[in-house]
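Visitor: I have a model open and want to learn how to read its features. Please take me through them one at a time.

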Amino acid sequence: MEKKVSSTLKRLLENYVMRTGKLRGAWRKICKPSSYLHAEFLKIHGNFYHIGEKSRINVRALITDPPYVSIGDNCAIAACQLIGHNGVIGVLENAYNVKLDSVGKIVIKDNSFIGVGAIILPGVTIGPNSIVAAGAVVSRDVAPHTVVGGSPAKFICATEEYLERLIERSKSYPWHSLIETRNGDFDSKLESELIKQRVDYFFNNGE
């Protein structure tokens, strides 16, 4: 009964938050929304310039200036930082008695991925079909169909080359047949069996 009531309350809270934009912190803590649902919330209430279809935004992503951010279709934004302004402006204005402005748009085009801990600086355009590796610091545009990483971010390989590596790696896993039947990139019906097989493979050498 408790579980049923709890699930009802969560659903009511989620509906209220999606409708009004209020109680976002409580919603994140209690309901633990998926990155897809969080993107839908931000599309309605986040004041972004644009968020496309089927995109996902991690709830821990720090996006300082949503009005200057455009995110295309099928993009994934992990727990990274998208920084739209230069925070030193106020210090320099006070120190040198000048008036300054230093802002820039961030455009993430279709089918692009921003990894955990990456920092995207003002004035950067990424993609389409590009990947920013975890921890990368991106201060310049990322060309279409490329993978970049490091600080400052540098070209690693073409996206298609990286895809081929992932295809080969996926085929080498004993659980590849399960992946072939998986619905999307996460399937709750298969996850427990996938974890079991992965743990066995990683730590018990399949024995």
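Guide: Start with the polar contact. It is a pair of N or O atoms within 3.5 Å; within protein, one must be able to donate a hydrogen and the other to accept it, and residues adjacent in sequence count only if both atoms are side-chain atoms. Here, the backbone oxygen of N129 lies 2.7 Å from a polar atom of the T159 side chain. Before we go on, note that this is a predicted model, where local features need pLDDT of at least 70 and side-chain atom pairs count only at pLDDT 80 or more, while totals for chains, interfaces and linings use all residues. Residues are numbered from 1 along each chain as its sequence is written, and side-chain values use heavy atoms, with hydrogens and water left out.

Visitor: Which backbone nitrogen does the side chain of T159 reach?

Guide: That of T146, at 3.1 Å.

Visitor: Is T159 buried or exposed?

Guide: Relative accessible area decides that. Buried means under 20%, exposed over 50%, and partly exposed in between, with a 1.4 Å probe and protein chains only. T159 has 15% relative accessibility, so it counts as buried.

Visitor: Where is T159 found, and what does it touch?

Guide: Helices (H or I, at least four residues) and strands (E, at least two) are DSSP runs, numbered from the N terminus. T159 is in helix α5. The chain has seven helices and 14 strands. For touching, the rule is a contact: heavy atoms within 4.5 Å. Leaving out residues up to four places away in sequence, T159 touches N129, S130, I131, H145, T146 and V147.

Visitor: H145 is on that list. Where does H145 lie?

Guide: In the loop between β12 (137-138) and β13 (146-149). H145 is partly exposed, because its relative accessibility is 34%. Its contacts beyond four places in sequence are P128, N129, S130, A158, T159 and E160. The C-alpha atoms of H145 and P128 are separated by 6.4 Å, though the two residues are 17 apart along the chain.

Visitor: How many salt bridges does the structure hold?

Guide: A salt bridge is a side-chain nitrogen of Lys or Arg within 4 Å of a carboxyl oxygen of Asp or Glu. The structure holds five. One of them joins E53 to K43, with the closest N and O atoms 3.3 Å apart. E53 sits in the loop between β1 (50-51) and β2 (56-57) and K43 in helix α3 (residues 35-45), so the pair ties together parts 10 residues apart in sequence. K43 is partly exposed at 31%. A network of salt bridges links E40, K43 and E53.

Visitor: What does the salt bridge of D185 and R56 tie together?

Guide: Their side chains meet at 2.7 Å, N to O. D185 lies in the loop between α6 (176-181) and α7 (188-203) and R56 in strand β2, so the pair ties together parts that are 129 residues apart in sequence. Both ends are partly exposed: D185 at 42% and R56 at 23%.

Visitor: Where do E161 and R165 lie?

Guide: Both are in helix α5 (residues 159-172), four residues apart, about one turn of the helix. E161 is partly exposed at 41%, and R165 is partly exposed at 42%.

Visitor: How many disulfides are there?

Guide: The test is a pair of cysteine sulfur atoms within 2.5 Å. The count is zero. Take C75: the closest cysteine sulfur is in C80, 11 Å away, so the gap is too far for a bond. C75 is buried at 1%. C31 is buried too, at 17%.

Visitor: How do I read a sheet?

Guide: Strands of a sheet pair through backbone hydrogen bonds, either parallel or antiparallel. Two strands pair if DSSP finds at least two bridges between them. In this model, four strands form an open sheet in the order β1-β4-β7-β10, with parallel pairing. β1 and β10 (124-126) are the edge strands, each pairing on one side only. Two bridges join β1 to β4 (residues 69-71). H50 has S70 in β4 as its bridge partner.
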